[in-house]
Amino acid sequence: MQLGVHLPHIGRKAGPEAIRRAAVQAEALGLADVWASEHIIVPKSAPYPPSPLFYDPLLTLTWAAAFTKRVRLGTSVLVLPMRHPLPLAKELGTLQCLSEGRLILGAGVGWLEAEYAALGVPFRERGRRMDEGIAMMRAVWTEDPVSFPAKHIPAVIDEMRMQPQPKPAIPIWIGGISDAALARAATLGDGWHGTRLSPAEAAPVVRRIRERRPEPGFTLSLRANWDGKDAGELTGRLAGYAAAGIQHVMIQPMERGLDDWLGAVERIAKAGAGIG
């Protein structure tokens, strides 16, 4: 099993030095990857996310990439339908090239309707925009020149060019546990990136996805929280995920202070050691 950790780019612990230290630490500990999440703008009264201080995920990962050489860089998840696919494709392609092929695009449709409204994007069309956005980005990443018949996203792409094209191709892991998300992962994704399921809950989802995508190269990944208190519980949970067929787990520590966060990451690495 591969193990990754979330970067401290949210809340009072967030900042350039915190992100740098966490990325360097993850690489030194031999972890597989580091991850960043997304919210662009949130209501004042929203119970989640816990803080409006939320560094942009792509710039966070670019900063982390500058201080590392090996760890992969993932988004958990980028709310793809909120963004226009063309500038996003340019940003992702650039980051893939600058990081020498370390990017994983975790992408989902999101859930915060007020955020869509603030951005002027129709919430009820997010599924269609997600599917077309993935197709549009893959087109500009692989065809030169490119033409693309957009239906749901405002775009006229007729014999156009966009470089740099990402090398190697950016894997797309579809986030979410809804029926629509699982179907989209099986149809359009290179992997699935679920969230906050127990090993027992994950097992039937794994079986369901593997019926349609049995190839080992299709990655089954989960995001999990950890309060940093019981390393034995975490080791057991990771073993349960592995037994259920999960290949990758990304863990987000719940500590609010940076030193406590970094300490938790050290314990995460130890808990994951030896998990097959």
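A salt bridge is a side-chain nitrogen of Lys or Arg within 4 Å of a carboxyl oxygen of Asp or Glu. In this predicted model, the side chains of D190 and R138 meet in such a bridge, with 3.1 Å from N to O. The pair links distant parts of the chain, 52 residues apart: D190 belongs to the loop between α6 (179-188) and β9, and R138 to helix α5 (residues 126-142). D190 counts as partly exposed, at 30% relative accessibility, and R138 likewise counts as partly exposed, at 26%.

## Salt bridges

Side chains of opposite charge can pair when their charged atoms come close.

| Salt bridge | N to O distance |
|---|---|
| D190 and R138 | 3.1 Å |
| R237 and E233 | 2.9 Å |
| R267 and E255 | 3.9 Å |

R237 and E233 are both in helix α8; because they are four residues apart, about one helical turn separates them. R237 counts as buried, at 17% relative accessibility, whereas E233 is partly exposed, with a relative accessible area of 34%.

The salt bridge between R267 and E255 spans 3.9 Å from N to O. R267 lies in helix α9 (residues 258-272) and E255 in the loop between β11 and α9, so the pair ties together parts that are twelve residues apart in sequence. R267 is partly exposed, at 32% relative accessibility; E255, at 14%, counts as buried.

Salt bridges also link E38, D56, R83 and E91 in a network.

## Strand β10 and its neighbours

Strand β10 (residues 219-226) is mostly covered, with seven of its eight residues buried. Strand β9 (residues 191-195) runs parallel to β10 and is joined to it by five bridges. Strand β11 (residues 248-253) also pairs with β10 in the parallel sense, over six bridges.

S221 takes part in both pairings: it is the bridge partner in β10 of H193, and it stands opposite H248 in β11.

A helix accompanies each of these pairings. Helix α7 (residues 199-212) makes a right-handed β-α-β unit with β9 and β10. Helix α8 (residues 231-244) makes a right-handed β-α-β unit with β10 and β11. Helix α8 is also the helix that contains R237 and E233.

The structure holds four aromatic pairs. One of them is formed by Y48 and W111, which are tilted at 45 degrees between the planes and lie 6.4 Å apart, centre to centre. Y48 is in the loop between β2 (33-36) and α2 (57-66), and W111 is in the loop between β5 (103-108) and α4 (113-119), so the pair ties together parts that are 63 residues apart in sequence. Y48 is partly exposed, with a relative accessible area of 35%.

Y116 and F123 form a pair with ring centres 5.3 Å apart; their planes stand at 80 degrees, and the pair is therefore edge-to-face, since planes over 60 degrees apart count as such. Y116 counts as buried, at 1% relative accessibility, and F123 also counts as buried, at 10%.

F123 has a further contact: the charged end of R126 sits over its ring, 3.8 Å from the centre. In a contact of this kind elsewhere, the charged end of R20 sits over the ring of F67, 6.0 Å from its centre.

Notes:
Residues numbered from 1 in each chain as written. Predicted model: local features only at pLDDT ≥ 70, side-chain atom pairs only at ≥ 80, totals over all residues. Heavy atoms only, no water. Buried < 20%, exposed > 50% of the residue type's maximum accessible area, 1.4 Å probe, protein only. Helix = DSSP H or I, 4+ residues; strand = E, 2+ residues; numbered from the N terminus. Pairing = 2+ DSSP bridges. Right-handed = clockwise from strand over helix to strand, strands pointing away. Phe/Tyr/Trp six-rings, centres within 6.5 Å; stacked < 30°, edge-to-face > 60°. Lys NZ or Arg CZ within 6 Å of the ring centre and 35° of its normal.
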